[in-house]
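Here is a short tour for a reader meeting this structure for the first time. Keep the view open while reading.

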Amino acid sequence: MHLLSVNNLLVRFRTHDESVFAVNGVSLDLDEGETLGLVGESGCGKSVTNLAVMQLLPKPAGKIEGGEVVFQGRDLLSLDESEMRELRGKEIAMIFQDPMTSLNPVLTIEEQMVETIRAHRRVSKPEARARTLELLHTVGIPQPEARLRNFPHQFSGGMRQRVMIAMALALEPKLLIADEPTTALDVTIQAQVLDLLQRLTTERGTAVILITHDLGVVAGMTKRVNVMYAGFVVEAASTADLFARPRHPYTVGLLHSMPRLDAQPGEPLIPIEGVPPDLRRAPVGCPFAPRCAWRVEACWTAMPPLDPIEATQVIVTTGPNATHRIACWNPVTPEEAIAARPLRAGFEPAAPPTEAVS
Amino acid sequence: MAQPPAPSGVAAAAGAAGGASPLLQLADLQMYFPITSGVLVSRHVGDVRAVDGVSLTIEKGETVGLVGESGCGKSTVGRTILRLYRPTGGHIVFEGQEITTAEGSTLRGVRRRMQMIFQDPYASLNPRMTAAGIVSEPLEIHGVGTGRERRQRVRELLATVGLDPDYGDRYPHEFSGGQRQRIGVARALALHPDLIVADEPISALDVSIQAQIINLLERLQGEFGLTYLFIAHDLSVVRHISDRIAVMYLGRLVETATSRELYERPLHPYSVALLSAVPIPDPAIESRRRRIILIGDVPSPSNPPPGCHFHTRCWLRARLGNPERCVEEQPALREMASGHAVACHFAEEVEGSPEQVLQISGDSPGASVTAAAITPTTATTATTPPAPTPGALPAGPSTPQQPVPRRRERS
């Protein structure tokens, strides 16, 4: 049994006159102690997927319209709010991009951490305070005794994120969801926070879902990656496999459009042309087709399933030997992945069907 | 304004320039923002030293990258060059003309030749103006052409940056982030400027769109012979686009070098740490790399540490046994190799980034093979073998003051 299984999750945001198709059938599995990266651009559904797991979707607009979320054998979607409350923080914790908006600005660090601990554990205030001190020490806050009585605004961005990590790990959760935890931080502070995060989660065997747009962070921090685009998982593989042998045109495009620190001077960037799709329209076909140089006719009409790249009897969804899967009708060959363009003689991207032209 | 009095700093900053006159020279530029206190009578109680003595030369046609972390003063340098602020001290010389204190029509004349591209394409475009109106505004302010000519020019400009000229009558909210940044680029190009200060022009954009804008800026530079000052925090991007890079820390330049030199042979301990902290999207490389984790945060620019601003976080100083000189004496930017200047008393102790980063972590030599392959062996004034260096502690267990080397456990 997996620690977490998300099956065919559908999330939509409805307003009075339109719908936003945020997550369109996402499936992912996670084992205990595993680190999974969710990569994609803004609006690809990576954050919404996790908010749905935590049942923290903004109400009333956000609705889970299908699928299931199973955590340690329990179907989370059938739990009521008080049962979810019991679970959040204790079993699954979350840290966000901007710690300033997730810490309470009018409570001291001590007050909010003690409150968190006492909400889930039957401990006295002095015990909770001692635990808080120990946690602040673990995450490397200098002079934790003095800092206990400080308010969040008295901490720097990096220190605030450390406090968030301390709070998230206070109850020793099985799963930590980190949503762009270092995006707001400077690169030297990012290195500090990632180092801390990796050390603590490895020590405690905490499973991590790391949500990020930064392929560099994913390469160093995770063992497995799911690439998302417009509410779909388009490629899933072990991190090593994904970077060595990307097969989906979007993954290949992402890798070529980011300047690398170790690139040869003068190496040109190959951007992905066009813009991400408007999620207010129901997806028809592959959402990447309009920007894709590899598209074939089927791409305009049918979304390909997330299938193994090679025929196999058993699909392994977790662990270091996870099956490399892509959702693509016309996968990129290894040579094409290096060239970042189709190399087949006479290949032209399929023109859109006439009735679907926007 | 009279001709510049050839301040000594300018001559020094010219350095690599040779005979040709550079497009822009900054000499000991200072920009302090006063901190005041009091309700009725405001008293001057201190300064935020956003820019604290920056000397930099930009040649015509080149791209200079200015990198540093938030609050290091890099954006203030850019804004001061455009004279959006009046500098506290130092000199700004644009094509031989001193503009440090220029005003009125002189300043307007110079500003026509210097334009800016901003970070946030949502905040930098007036939501009540059409795209054509935004791009046309500089032309109107400077009285260029007739109405008809301006309209024609706006259409050309929109096409140049890859937008449909017929979109001119749309409003900013009707465009995507990347398209809005293209409008900002078109506006900057309208007056045929010589210098464009691009302040984090791609940071607000999605990954797949960033490359589009970088390529656009590179193409325009070739077409129009533009000179860029490219301000950004992302070293990968800066390295890609820049000919030369200036690294800034707490209001001062700590190192200037060509992009290639800075990457292959950083000489300032801060640059070494910065380079080691940038993640590379390749798990095979990431598993071999070691990070120098700097301790603590950047100090406040209103009360910077004495001497070298970086000494409070410096891993090298810790390895050298915390010499007093770093606290007592501000290091000057000194040239260590042609076009490679560094502000560190002990830059000779820094040798080549990847190897030393490995040295600091006391790692097995096997991993340094690739690092050795990309480290040039050409002798420069700074070449110092690590082992015999007095004071340096290669491959030893960390002392408490030392940065914690980041180890990547892979199973």
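Predicted model: local features only at pLDDT ≥ 70, side-chain atom pairs only at ≥ 80, totals over all residues.

Residues are numbered from 1 along each chain as its sequence is written, while chains are lettered from A and ligands numbered from 1 in the order in which they are written.

**Chain A overall**

Chain A holds 12 helices and 12 strands. Helices (H or I, at least four residues) and strands (E, at least two) are DSSP runs, numbered from the N terminus. The radius of gyration of chain A is 22 Å, close to the 21 Å that the globule rule gives for 358 residues, so chain A is as compact as a globular protein of that length. That radius is taken over C-alpha atoms, and the globule rule is 2.2 Å times the number of residues to the power 0.38. Along the principal axes, the C-alpha atoms of chain A fill a box of roughly 75 × 50 × 45 Å.

Of the 358 residues in chain A, 48% are buried. A residue is buried if 20 or more other C-beta atoms lie within 10 Å of its own, exposed if 12 or fewer, and partly exposed in between, with C-beta atoms placed from the backbone. Contacts are counted too: two residues are in contact if their C-beta atoms, placed from the backbone, lie within 7 Å. Among contacts in chain A with a separation of 6 or more, 66% link residues 24 or more positions apart.

**A covered strand in chain A**

Strand S7 (residues 175-179) of chain A is mostly covered, with 5 of its 5 residues buried. Leu175(A), Ile177(A) and Asp179(A) are buried on one side, and Leu176(A) and Ala178(A) on the other. In a regular strand the side chains alternate between the two faces of the sheet.

S7(A) has parallel partners. Strand S6 (residues 92-95) of chain A joins S7(A) through 4 bridges. There, Met94(A) stands opposite Ile177(A). Strand S8 (residues 207-212) of chain A pairs with S7(A) over 5 bridges. Here Leu175(A) faces Ala207(A) across the pair. Two strands pair if DSSP finds at least two bridges between them.

**An open sheet in chain B**

In chain B, 4 strands form an open antiparallel sheet in the order S2-S1-S4-S5. Strand S2 (43-58) and strand S5 (97-98) of chain B are at the edges, each with a single partner strand, so one side of each has no neighbour in the sheet. S1 (residues 24-37) and S4 (residues 89-94) of chain B pair over 5 bridges. Gln30(B) stands opposite Gly89(B) in S4(B). Helix H2 (residues 74-81) of chain B lies across S1, S2 and S4 of chain B, at about 75 degrees to S2(B). The axes are lines fitted to C-alpha atoms, for helices over the stretch in contact, and angles run from 0 to 180 degrees between N-to-C directions.

**Core and interface**

The largest nonpolar core has 209 residues, and Val234(A), Val135(B), Leu229(B) and Val247(B) touch the most other members. Such a core is a set of buried Ala, Val, Leu, Ile, Met, Phe, Trp, Tyr and Cys residues joined through C-beta atoms within 7 Å. Helix H7 (residues 157-169) of chain A gives the largest share of this core, 8 residues.

Between the chains, 39 residues of chain A are in contact with 38 residues of chain B. H8(A) supplies the largest share of the chain A side, 8 residues.

**Single residues**

A cis peptide bond joins Lys59(A) and Pro60(A), with omega about 5 degrees. Pro60(A) sits in the loop between helix H1 (46-54) and strand S4 (62-71) of chain A.

His268(B) is buried, with 30 other C-beta atoms within 10 Å. Its contacts include Val247(B), Val254(B) and Cys344(B).

Notes: Lists of a residue's contacts leave out its neighbours within four places in sequence.
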